Amino acid sequence: MGATVISPTYLSAYLLLLCLVCSLKEGYAKGRRATVAESHHLEHSHSIQVSSLLPSSICSPATKVLDKKSSLQVVHKHGPCSQLYHHDKANIPTHAEILLQDVARVKSIHSKLAKSLGSTKVDQTDAANIPAKDGSVVGSGNYVVTVGLGTPKKDLTLIFDTGSDITWTQCQPCVGTCYKQQDPVFAPSLSSTYSNISCSSTTCNSLASATGNTPGCSSSACVYGIQYGDSSFSVGIFAKEKLTLTSTDVFDDFLFGCGQNNQGLFGGAAGLIGLGRDKLSLPSQTASKYKKYFSYCLPSSASSTGFLSFGYGGVSKFVKFTTLTTLSQGASFYGIDIVGISVGGKKLPISASVFTAGGAIIDSGTVITRLPPTAYTALSSEFRKLMSRYPKAQPLSILDTCYDFTKFSSVSVPKISIFFSGGVEVPIATKGILYVNAISQVCLAFAGNTDDTEVGIFGNTQQKTLQVVYDGVGGKLGFATGGCT
């Protein structure tokens, strides 16, 4: 039987078909690979409308309904939701000034933690000369709440600060000087529940640990003094008074500083609420009711609102807890263990020893998160790699990874997560990844310390929109996303 002869025309058609099938298969595989890469990119990046990066001059309160019993509204002191903003628009600092103040604050935290410092005796007549070596934390922080003090109650707008312990407000008659504040200055002589603390009492002596200064005495009244790292200070009479947090939560004999000589960058606020871990802090003084349990959500922008809540009410059921640690040199700070960072879904190859060398704290008053330089270098180089399609911009103060988005209507920014001990991953909100000076200068909102052995700080830009839960008795710190809404 003769062999079948295949015509050359048929053979070439067959080979052509075979090539077509191969190239279709290859095209499909390429497309599939591209689709997988694209979906990975979409899954691990934020798509952001560039117009949404600009600040609004209209206050848009968050949608979360507060448990009015034990919650206060939190606003950014330089934003349209704050009375301070309307009171003193002309003196709102530039972003470069804010970052410069942040550098001073971080330096003061580092100096306080780097060594045990000798304390200084306070004399009310010589308040301005308290040496800055006490290393109390600089300035203030950016977020304010309104509380009531005295009988009848007077409302005061105070900065809240987890890096400070003593609560103080400016008081009449301002024997030294009082800076300009929005609320009327508190007048102790008009309150029926005010009384001075005696300088011979143990309560007066407890000021040393809360302020870093040995208290003084002025005609048998206890004199406190606290100086912040930017040469802001408050000095005055240590006293007790009725504190009204909300209409149902009122505390008699709350210990506070009645400031007679005050100076500094408090942005029109009447003073400061100390939320640290010392026995004179607000969580410690109200522990019989709230068990040192409080939480807050810092708003996504200066034109929105957040909350500060005391006690167990209103805490998200999705909170994940990590362990609080105590730093030997700064027991009033809230210590945390950062163990890793991911960028664009990829865990960065940073050795655990990099994070343990200096340890870390969480601080409501530091603006920009500070990382060990080894960790920051890994973070910024991976971020730059994933942002290579966007033109670079000039650095802004301590922020060295900046972009110009003027030619874009939307941008894609890699997601960033911080990992804490106990397997807790905290995804950073979009507004916590970028710091916006202008559309032509949008920067990665992290910075490196000068040395891996300096303490790291989880700052307030990265805490935006998270519900952050402090359990002082349980020794735990919790995070939940979408905290303000």
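Student: Which residues does Asp249 touch, not counting residues up to four places away in sequence?

Tutor: Before answering, please keep in mind that this is a predicted model, in which local features need pLDDT of at least 70 and side-chain atom pairs count only at pLDDT 80 or more, while totals for chains, interfaces and linings use all residues. Residues are numbered from 1 along each chain as its sequence is written, and side-chain values use heavy atoms, with hydrogens and water left out.

Leaving aside residues up to four places away in sequence, Asp249 touches Lys69, Ser70, Leu243, Thr244, Lys289 and Tyr290, where contact means heavy atoms within 4.5 Å. Asp249 itself is found in the loop between β11 (233-244) and β12 (250-263); here helices (H or I, at least four residues) and strands (E, at least two) are DSSP runs, numbered from the N terminus. With a relative accessible area of 3%, Asp249 is buried, a word that stands for under 20% relative accessible area, whereas exposed means over 50% and partly exposed lies in between (1.4 Å probe, protein chains only). The side chains of Asp249 and Ser70 are joined by a polar contact of 2.7 Å (a pair of N or O atoms within 3.5 Å; within protein, one must be able to donate a hydrogen and the other to accept it, and residues adjacent in sequence count only if both atoms are side-chain atoms). Asp249 and Ser71, although 178 residues apart in sequence, are 9.6 Å apart in space, C-alpha to C-alpha.

Tyr290 belongs to one aromatic cluster together with Phe160, Phe251, Phe294, Tyr296, Phe310, Tyr334 and Tyr470. Rings of Phe, Tyr and Trp (its six-membered ring) pair if their centres lie within 6.5 Å, and planes under 30 degrees apart count as stacked, over 60 as edge-to-face and the rest as tilted. By this rule the count comes to 18 aromatic pairs. In one of them, the ring centres of Tyr296 and Tyr470 are 5.5 Å apart and the planes stand at 40°, so this pair is tilted. Because Tyr296 lies in strand β14 (residues 293-297) and Tyr470 in strand β32 (residues 467-471), the pair ties together parts that are 174 residues apart in sequence. Both Tyr296 and Tyr470 are buried.

Two other aspartates come from a record. UniProt, in an unreviewed entry, places the feature "active site" at Asp161 and Asp363; these two are spread over 203 residues of sequence, yet they cluster in space, with a largest C-alpha distance of 7.5 Å. Such annotations may be inferred rather than shown by experiment. Asp161 lies in strand β5 (residues 154-161), has 0% relative accessibility and therefore counts as buried, and its side chain makes a polar contact of 2.8 Å with the side chain of Ser164. Asp363, by contrast, has its place in the loop between β21 (360-362) and β22 (369-371), and at 0% relative accessibility Asp363 counts as buried. Residues that Asp363 touches, not counting those up to four places away in sequence, include Arg105, Asp161, Phe458 and Asn460, and the side chains of Asp363 and Arg105 make a polar contact of 2.9 Å.

The cysteines also join parts of the chain. The structure holds seven disulfides, each being a pair of cysteine sulfur atoms within 2.5 Å. One of the disulfides joins Cys59 to Cys81 (S to S 2.0 Å). Cys59 lies in the loop between β1 (45-49) and β2 (71-76) and Cys81 in the loop between β2 and α2 (83-87), so the pair ties together parts that are 22 residues apart in sequence. The torsion about the S-S bond of Cys59 and Cys81 is about 100°, which means that the disulfide is right-handed. Cys59 is partly exposed, with a relative accessible area of 29%, whereas Cys81, with 15%, is buried. Another disulfide joins Cys402 to Cys443 (S to S 2.1 Å), and with 105° about the S-S bond this link is right-handed. That pair links distant parts of the chain, with Cys402 in strand β24 (residues 402-403) and Cys443 in strand β29 (residues 441-444), 41 residues apart, and both cysteines of the pair Cys402 and Cys443 are buried.
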